[in-house]
Amino acid sequence: MKHVVDQCLAAGLVKTNVDAAVDAAVDGTQVRANVSIHGLEEIQLAPVESIEAYLARQAVEDKGHEQESSSKDDPDPPPPSARGASGLMEQAVHEDFHGKTFSNESHRSTSDPDSRLYKKSAGQEAHPRFLVHDLVDVRTGVILDRRASRASGTAEREVSLQQLAAIRFRHPSITIRTLSADKAYGSKEYLASLKDLGITPLVSLKSLELDDEPVYKRKSHNPRIQAQRANKIRLIQISNAAKQIHGGYRHVQRMRVRCEHGFAEAKNVHGMDRANSRGLDRMQEQATWTGIVQNLKRLCRFKKNRPVAGSLICANPVADTAQERTTISIGRLSRGCRDFCNRWIWPKANFSPDF
């Protein structure tokens, strides 16, 4: 993925200079895990007991084992009964989940423990899912970073900060100027983190009403309380500044939908609507390879400012002097005149037999 993004930078598809900084967008989508909802089982927590109770229980179990070894052997157990069609039908019928409550704290999938019950809307059913996060250049649609994570309510904000830090390490030439996001990224702590990174947040906030800064009548002598007050005022100021951003960035905010286009392409064309394997590592592998293919498709369609290399240098020689440029121009003009005559003039000319 790093090598393909470097190719996009070398071809000029992604701008790297300071004057044309990158306007990025971040978003996450849910991917159905390769498990069944009927594979959920309740988590059995180990009982909490003291050392004395544990030693007493072990002593009782040891006495029971000694008595069993000294007693006579039990008679042979009866042979197992043959399984009929009715027994197989009973095993095939799934458990009835009506009236039961499931959550990630109480239940876990036995076949894929990394998946989590998750849903984005109130009317949607919760299924074992993963989250896939994209950091995209909104002008070109190039995926700068793609990561998979466990599904949770705070995963989108946490992973996006990790992606921004990774971009600065992997591609130091990329300068992210603005970051567009939806309402899920509108927390004050996340906006403060973007401010610390020097990035202008273009986040769709739930309310555009400015918050009032708290005024304390007395100064606290407790350093911890005083730090909490200062941090609260700072978060409110950053949130109010984000609500007042408008005007020149609206065209960038409208291009944020290209992040959704990338997810739709990955799911409808490249089969990322469902995990192919099980486990978070396999999900990360599938998401990364899908992002590589999508970036290669955009790189192949990009032709402007493509660097000349290899055989293209021999096919298109570069003129260094004025005389060479004049010679090349005269040659191109003569070839154009010859092609024009061969196509339009000579076929329509009527010559006498004696000519």
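The legends below describe close-up views of a predicted model. Residue numbers start from 1 along each chain as its sequence is written, and the model being predicted, local features need pLDDT of at least 70 and side-chain atom pairs count only at pLDDT 80 or more, while totals for chains, interfaces and linings use all residues. Side-chain values use heavy atoms, with hydrogens and water left out.

**View 1. Confidence along the predicted chain.** The pLDDT, which is the predictor's confidence in each residue on a scale from 0 to 100, averages 79 over the protein, and 77% of the residues score at least 70. Over residues 310–320 the pLDDT is below 50, and this stretch has six contacts in the model beyond near neighbours in sequence, a contact being heavy atoms within 4.5 Å. Residues 351–355 also stay under 50, with one contact beyond four places in sequence. Where pLDDT is low, the predicted coordinates should not be read in detail.

**View 2. The nonpolar cores.** A nonpolar core is here a set of buried Ala, Val, Leu, Ile, Met, Phe, Trp, Tyr and Cys residues joined through side-chain atoms within 4.5 Å, where buried means under 20% relative accessible area, exposed means over 50%, and partly exposed lies in between, with a 1.4 Å probe and protein chains only. The largest such core has 31 residues, and those with the most contacts inside it are Val26, Leu135, Leu144, Leu164, Ile174, Ile176 and Leu179. Two or more residues are given to this core by each of helix H1 (2–11), strand E1 (22–32), H4, strand E7 (176–181), H5 and H6; these helices (H or I, at least four residues) and strands (E, at least two) are DSSP runs numbered from the N terminus. A second, separate core of 16 residues includes Phe130, Val136, Cys259 and Phe263.

**View 3. Helix H5 and its cover.** The buried residues of H5 are Tyr190, Leu191, Ala192 and Leu194, and what covers them includes E1, H4, E7, E8 and H6. After H5 comes Gly198, whose phi is positive, near 80°.

View 4. The whole structure contains 13 salt bridges, each being a side-chain nitrogen of Lys or Arg within 4 Å of a carboxyl oxygen of Asp or Glu. The side chains of Arg170 and Asp145 meet in one of them, at 3.0 Å from N to O, and the pair links helix H4 (residues 155–170), which holds Arg170, to strand E6 (residues 143–150), which holds Asp145, across 25 residues. Arg170 counts as partly exposed because its relative accessibility is 37%, whereas Asp145, at 3%, counts as buried. Asp211 forms a salt bridge with Lys188, with the closest N and O atoms 3.5 Å apart; this pair also links distant parts of the chain, Asp211 lying in the loop between strand E8 (200–203) and H6 and Lys188 in helix H5 (residues 188–196), 23 residues apart. Asp211 is partly exposed at 28%, and Lys188 is partly exposed at 31%. Elsewhere, Asp23, Arg139 and Arg177 are linked in a network of salt bridges.

View 5. Arg57 forms a salt bridge with Glu61, the closest N and O atoms being 3.3 Å apart, and both residues lie in helix H2 (residues 51–70), four residues apart, or about one turn of the helix. An α-helix has 3.6 residues a turn, so residues three or four places apart point the same way. Arg57 is partly exposed at 34% relative accessibility, and Glu61 is partly exposed at 35%. Ile51, also in helix H2, counts as exposed because its relative accessible area is 59%.

**View 6. Lys243 at the end of helix H6.** Lys243 lies in helix H6 (residues 223–243) and counts as buried because its relative accessibility is 14%. Leaving aside neighbours within four places in sequence, Lys243 is in contact with Leu205, Ser207, Leu208, Glu209, Leu210 and Asp211.

View 7. Gly291 has its place in helix H9 (residues 280–301) and is buried, with a relative accessible area of 0%. Gly291 and Met1 are 290 residues apart in sequence but 7.6 Å apart in space, C-alpha to C-alpha. Beyond four places in sequence, the contacts of Gly291 are with Met1, Ile143 and Arg146.
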